Amino acid sequence: MSLVSALATAAGLLVALSPAASAADTTTDLGVDYSFYRPGDLALGNGKVFVSSGDQLVVADTDGDLLGEVDGLTEASGLAMSQDGTHLYAALVGPQQIVEIDTATLEITRRIDLPSYPCPTRLARSGEWLWVGHGCDSNWDGGVVGLDLTVTAPQPIVVASEISGAPLLAANGGTLVVGQVGSTSHLFVYDVSGTPTFRGEIDGFTHDLGRLNGLVVTPDGSKFFSAASAERGTDLWDANSLEKIRSYAGESAAEGPPTSVAISPDGAYVVAGEADGSDLVMYDAVTGATIHALDNLALAGGTDRLAFSGTDVFAVKTTSSRRLHLWRVEDITFPASALTLTPPSGGVVNQPLTLTGRLELPGGAAAGAKPLTVTRRLPNGTTETLAGVTTDPDGSFTVTDTPAAGGVYTYAVLWDGDADVRWSTASAKVAVKNTSSLTVTGSSEWPVGVALTLSGVLLPTPPPSGWGYPLTVKRTVTNANGTVTTTLPGAPGRKNGTYSFSDRPAETGHYTYTVEWAGNADYTPAKADHEVEVKESIE
């Protein structure tokens with residue numbers, strides 16, 4: 001049986017109809033900092049998303065909107081959801097407790113004390129059993145115990161002991177995988193379909209695992225994925241033979257190690273979060289091919305815990321300030337579309353500018369006429385929606401705008417996707433300059449050999465910052481000897497925008513004095529000419 005068919009059979013038909021795709025990716029500030037020295041966790045159930053962080057257990061809906069929090073917790077860490085989504089289990093490290101939470105009322109319905117098992121930190125759920133990874137730091141007091149949740153006051157059953165710190169856990173389909181976390185991790189695999197039985201160990205040194213960051217077991221328990229640092233990839237293992245089946249490498253060797261891993265409900269896809277490179281990478285679970293490499297453009301930071309919800313993925317992101325955010329990636333299992341947007345080299349205030357782009361569908365299919373949404377972010381930070389555009393039959397499109405002020409404009413184009421293809425967006429920045437101008441005034445006739453002074457003004461007034469560098473001055477003389485252009489000494493500008501320069505014409509002829517300002521980041525260049533007839537004498 002193939003991996004996909006095996007997982008689909010085990011998982012059941014979880015998604016009967018795919019919802020229409022829409023550009024609803026959201027990034028929600030959870031209002032808490034990751035200040036607790038134990039890792040937080042993520043769990044989904046009953047239409048809610050739960051994120052733990054120390055004394056906080058934040059609750060959001062599946063649109064990413066905050067609903068509140070669960071009160072009465074101390075040092076909450078690992079989370080696990082019941083199969084029907086009605087109860088959430090949270091490990092409380094300091095109090096050495098497991099609490100059961102009603103996901104409808106958000107009330108604590110049961111507390112299970114673990115006085116003999118310090119620092120319960122990580123949880124995994126399979127059937128009616130809850131597996132608890134406990135251990136404080138590197139004191140070799142860590143291990144795993146099992147709790148039968150059908151019993152009102154379950155007694156811990158020891159599965160593993162003498163582990164350095166709290167191990168990482170994953171369970172499903174009668175298989176429990178225990179990961180000893182360290183500079184070089186080890187994996188221990190157990191059959192928990194009945195009395196827990198040790199199957200074997202995957203040595204981290206032999207397989208060059210490095211530090212283990214994530215585990216997930218397929219629904220039928222026959223395979224599991226690990227995310228570890230050494231080979232900067234996510235690996236698929238046979239849970240019986242303990243042989244590696246496949247590696248899901250990053251897009252390049254320069255990408256960071258995976259920080260977490262999750263599989264889709266039907267088992268067709270595996271996603272990995274990363275600390276560097278793309279924020280989230282999705283692979284075909286059977287072939288290992290990269291399907292999506294996505295970045296969260298709204299928020300920089302590492303991508304930690306991951307969980308699927310139908311065709312969506314939820315991720316916890318941690319910023320450099322240790323602030324926790326919830327990232328909802330919608331319809332990630334849909335085939336990808338791609339938008340490109342090419343800006344002009346620059347723009348000028350009150351002059352039309354044009355951006356061009358193209359929408360590409362999977363497999364190179366012609367896009368046809370697709371409506372696109374266009375937004376413009378102004379230099380002051382406000383965003384406006386412009387008139388939408390529609391793609392041509394080949395997917396190409398044009399966006400035209402006339403900016404009314406100078407500064408950097410960001411244009412974003414969105415295709416909202418459809419029932420079969422994931423949405424896409426593209427953005428581009430255009431530096432729009434204000435216009436400047438120069439004037440040159442002076443006599444139109446002048447005697448040869450006499451000093452001539454010309455003056456002018458650079459507009460706007462006061463002039464742009466930095467304009468006071470000498471203006472370029474060129475003199476072009478046309479007479480019987482031909483035409484000769486000479487660069488004169490530059491004309492320094494004054495604070496009020498005025499300038500002047502002098503010349504002493506040495507021969508008769510038609511003189512053209514050209515003054516130029518090179519412009520700067522905010523203003524366009526300016527240029528002005530002044531013509532003088534130089535004669536032997538003038539009356």
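Entry 1, aromatic pairs. I searched the whole structure and found eight aromatic pairs, where rings of Phe, Tyr and Trp (its six-membered ring) pair if their centres lie within 6.5 Å, and where planes under 30 degrees apart count as stacked, over 60 as edge-to-face and the rest as tilted. I note that this is a predicted model, in which local features need pLDDT of at least 70 and side-chain atom pairs count only at pLDDT 80 or more, while totals for chains, interfaces and linings use all residues. Residues are numbered from 1 along each chain as its sequence is written, and side-chain values use heavy atoms, with hydrogens and water left out.

One of the pairs is Phe-225 with Tyr-248, which is tilted, at 5.8 Å centre to centre and 55 degrees between the planes. Phe-225 belongs to strand β19 (residues 223–228) and Tyr-248 to strand β21 (residues 244–249), so this pair ties together parts that are 23 residues apart in sequence; strands here are DSSP runs of E with at least two residues, numbered from the N terminus. Together with Tyr-283, Phe-225 and Tyr-248 form one aromatic cluster.

I also looked at Tyr-409 and Tyr-411, a stacked pair with 6.3 Å centre to centre and 15 degrees between the planes. Tyr-409 is buried at 3% relative accessibility, and Tyr-411 is buried at 1%.

Which residues have the most contacts inside the largest nonpolar core? They are Leu-341, Leu-355, Phe-397, Tyr-411 and Val-413, in a core of 24 residues, a core being a set of buried Ala, Val, Leu, Ile, Met, Phe, Trp, Tyr and Cys residues joined through side-chain atoms within 4.5 Å. Among the elements that give two or more residues to this core are β29 (338–342), β31 (353–360) and β36 (407–415). I followed Leu-341 and found that, not counting residues up to four places away in sequence, its contacts (heavy atoms within 4.5 Å) include Leu-355, Phe-397, Tyr-411 and Val-413. A second, separate core has 22 residues, including Leu-458, Leu-488, Val-515 and Val-534.

I traced an open sheet in the order β10-β11-β12-β13 with antiparallel pairing, where two strands pair if DSSP finds at least two bridges between them. β10 (120–126) and β13 (157–163) are at the edges with a single partner strand each, so one side of each is left without a neighbour in the sheet. Strand β12 (residues 142–148) pairs with β13 over four bridges, and Val-145 has Val-158 as its bridge partner in β13.

How many disulfides does the structure hold? It holds one, a disulfide being a pair of cysteine sulfur atoms within 2.5 Å. It joins Cys-119 and Cys-136, with sulfur atoms 1.9 Å apart, and the link is right-handed, with 95 degrees about the S-S bond. Cys-119 lies in the loop between β9 (108–113) and β10, and Cys-136 in the loop between β11 (129–134) and β12, 17 residues apart. Cys-119 is buried at a relative accessible area of 10%, and Cys-136 counts as buried at 14%.

Note on methods
Buried < 20%, exposed > 50% of the residue type's maximum accessible area, 1.4 Å probe, protein only.
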